[in-house]
Amino acid sequence: MSLADEIEAEATTRQARILTIDIENSPHTLYGWGLFNQNFGINQIETPGRVICFAAKWVGERDVLFYSDHHDGHDAMVQAAWDLLSEADIVVGYNSDRFDLTKLNWEFEQAKMGPPRPYKTVDLLKVARRQFGHGPASKKLDYIVQSLGLGAKVAHEGMPLWIACMNGDAKAWDRMRRYNVGDVRITERLYHRWRQWIPNHPNMQLILGDEKCCTVCTGRRFKRDGEALTALTAYPAYRCTSCGTRYRSNYVLRRVSRRTIR
């Protein structure tokens, strides 16, 4: 077998690595003169907030990984996050594009690590905003998953939990672990529920080098579902019976030569 054939065989048999991730960040420690409607200058920052822990889970696998300042040390935690992101084809989260991943990027930059290997992202908060708009009364993750019967976030005492963790309270860290791990589990459930609602989902056929699988879930059972129309061309459309995603074939059913301009 030639090298090209070996690369082709590997591309069509490997599994996509989809990572669900959620971080927890410490609050800033600040000096201030009051409690109401305050603005703080940079000279009032005592200790800037930073990532104190994260949970991550490979979609389809059972175990949830957890790393923290308390259990692993900050440097080892940041390295673990960099390694996991570098292994991932797709990273899934809730408000992860704007929050979780940018916070981690700042940690990588401060550690002079450079960016991890490129990966695609699926931010489920963007799906909620784009596909459901003003439908749900709230777009908070807890409200969304409870509304859909997918579970709920782990309850906690709020800011005192973060303060106790920052003070090294081992029992508080146990509660933080449960909370962080719980967020990753419900995020994965929401991802499975909403895959068919993500029109810009990274193309699994391209990632795996396999044109016979579903573009979203890699399933291999489909049924014909009408036609997909562009401005000039009609294509046969199919629906994946595993995840419900609708997509089109590249086969052209019919085409018009030009648009009528009025």
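Q: Which residues do ring pairs link into a cluster?
A: Phe-132, Trp-194 and Trp-197 are the ones joined that way. Bear in mind that this is a predicted model.

Q: How many aromatic pairs does the structure hold?
A: There are four aromatic pairs. One of them is Phe-54 with Tyr-67: the ring centres are 5.4 Å apart and the planes are at 20°, so this pair is stacked.

Q: Nice. Which strands do Phe-54 and Tyr-67 lie in?
A: Phe-54 is in strand β4 (residues 51-58) and Tyr-67 is in strand β5 (residues 65-68), so the pair ties together parts 13 residues apart in sequence.

Q: And Phe-54, buried or exposed?
A: Phe-54 counts as buried, at 1% relative accessibility. Tyr-67, at 25%, counts as partly exposed.

Q: What about Trp-162 and Tyr-179, what sort of pair do they form?
A: Trp-162 and Tyr-179 make an edge-to-face pair, 5.9 Å centre to centre with 75° between the planes. Trp-162 belongs to helix α7 (residues 159-166) and Tyr-179 to helix α8 (residues 170-194), so parts 17 residues apart in sequence are tied together. Trp-162 is buried at 11% relative accessible area, and Tyr-179 is buried at 8%.

Q: Switching to arginines: which ring face does Arg-17 lie over?
A: Arg-17 lies over the face of Trp-58, 3.8 Å from the ring centre. Arg-224 lies over the face of Tyr-238, at 5.9 Å from the ring centre.

Q: Last one: how many helices and strands does the protein chain have?
A: The protein chain has nine helices and eleven strands, and buried residues make up 39% of its 262 residues.

Conventions. Residues are numbered from 1 along each chain as its sequence is written. This is a predicted model: local features need pLDDT of at least 70, side-chain atom pairs count only at pLDDT 80 or more; totals for chains, interfaces and linings use all residues. Side-chain values use heavy atoms; hydrogens and water are left out. Helices (H or I, at least four residues) and strands (E, at least two) are DSSP runs, numbered from the N terminus. Buried means under 20% relative accessible area, exposed over 50%, partly exposed in between (1.4 Å probe, protein chains only). Rings of Phe, Tyr and Trp (its six-membered ring) pair if their centres lie within 6.5 Å; planes under 30 degrees apart count as stacked, over 60 as edge-to-face and the rest as tilted. A charge sits over a ring if NZ of Lys or CZ of Arg is within 6 Å of the ring centre and within 35 degrees of the ring normal.
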